[in-house]
Amino acid sequence: MALTHLLYLHGFRSSPRSNKASRMAAFVQARYPDVVWWCPQLPPSPRAAMDMVMQGIASWPRPTMGVVGSSLGGFYATGVAQATGCRAVLLNPAVDPARDLSRYIGEHTAWHDPSQRFHFEAGYVDELRELETGALAHPPNFFAIIAKGDEVLDWREMTARYKGASIKLLQGGDHALSDFDAHIDEVLAFLEDGPVPP
């Protein structure tokens, strides 16, 4: 089945203006002009973020939709795929954001617009725990691109979390996947032709 709808979820402190989101949007527009593309600005509250996403995709066709998520967005994308059975591509996905972000409680600025400030509340850590989904229900529907050179997340944890999924393990790289353009073809090929639930 062809890809008809694509959701992109950015990471912590990021936005739809991130390099990966912008590049994906450009590639999708050029190659798949009929695909519905949605890359929302996610609110700081994980519960609010997931509620907004699930409401936004409520009418999307499950067999022909896909989701891409980077870092914290990869954690959210995993939840979307677990709930809908759609294909998911994870880019250096956060595995235990409740643990990792507990030390970031307080005020932050957005990467792409330092004038934008937000407060990451202690309660958001609990919300992240509530959003954990356990083992992958259908591992073949997941494709993870993981960099051993990620300076933020542990590649061993990421590969263990996505056991049974398709994994592209980069020997170097970084958390931002600065060479993302080199992987876009594989991302789109998986979203269009990868496994779907039985």
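The model is a predicted one. G149 belongs to the loop that connects β7 with α6 (155–161).

Beyond its neighbours within four places in sequence, G149 is in contact with Q171, G172, G173 and D174. One of these, G173, is 24 residues away from G149 along the chain, yet the C-alpha atoms of the two are separated by 4.9 Å.

## The buried side of α7

Five residues of helix α7 (residues 184–193) are listed here by name: I184, V187, L188, F190 and L191 are buried. They share the same side of α7, because the arc they cover around the axis is only 160°. An α-helix has 3.6 residues a turn, so residues three or four places apart point the same way.

Both strands and a helix take part in covering the buried residues of α7. Among the strands are β1 (5–9), β3 (65–70), β4 (87–91), β7 (142–147) and β8 (166–170), and the helix is α1.

## How α1 meets α7

Helix α1 (residues 19–31) and α7 have axes that come within 11 Å and cross at roughly 60°. The two helices are therefore oblique to each other, and the crossing of α1 past α7 is right-handed.

On the α1 side, the contact is made by R23, M24, F27, V28 and R31. The α7 side supplies I184, D185, V187 and L188. By class, the residues of this contact are 6 nonpolar and 3 charged, with no polar ones. I184, V187 and L188 of α7, which take part in the contact with α1, are also among the buried residues of α7.

## How α2 meets α5

From α2, the residues P46, R47 and A48 take part in the contact. Their partners in α5 are Y124, E127, L128 and E130. The contact of α2 with α5 has 4 nonpolar and 3 charged residues, and no polar ones.

Methods
Residues are numbered from 1 along each chain as its sequence is written. This is a predicted model: local features need pLDDT of at least 70, side-chain atom pairs count only at pLDDT 80 or more; totals for chains, interfaces and linings use all residues. Side-chain values use heavy atoms; hydrogens and water are left out. Contact means heavy atoms within 4.5 Å. Helices (H or I, at least four residues) and strands (E, at least two) are DSSP runs, numbered from the N terminus. Ala, Val, Leu, Ile, Met, Phe, Trp, Tyr, Cys and Pro count as nonpolar, Asp, Glu, Lys and Arg as charged, and the others, Gly among them, as polar. Axes are lines fitted to C-alpha atoms, for helices over the stretch in contact, and angles run from 0 to 180 degrees between N-to-C directions. Angles under 35 degrees count as roughly parallel, over 145 as roughly antiparallel, 65 to 115 as roughly perpendicular and the rest as oblique. A crossing is left-handed if the near helix is turned anticlockwise from the far one by less than a right angle, and right-handed if clockwise. Buried means under 20% relative accessible area, exposed over 50%, partly exposed in between (1.4 Å probe, protein chains only). The arc is that of the directions from the helix axis to the C-beta atoms.
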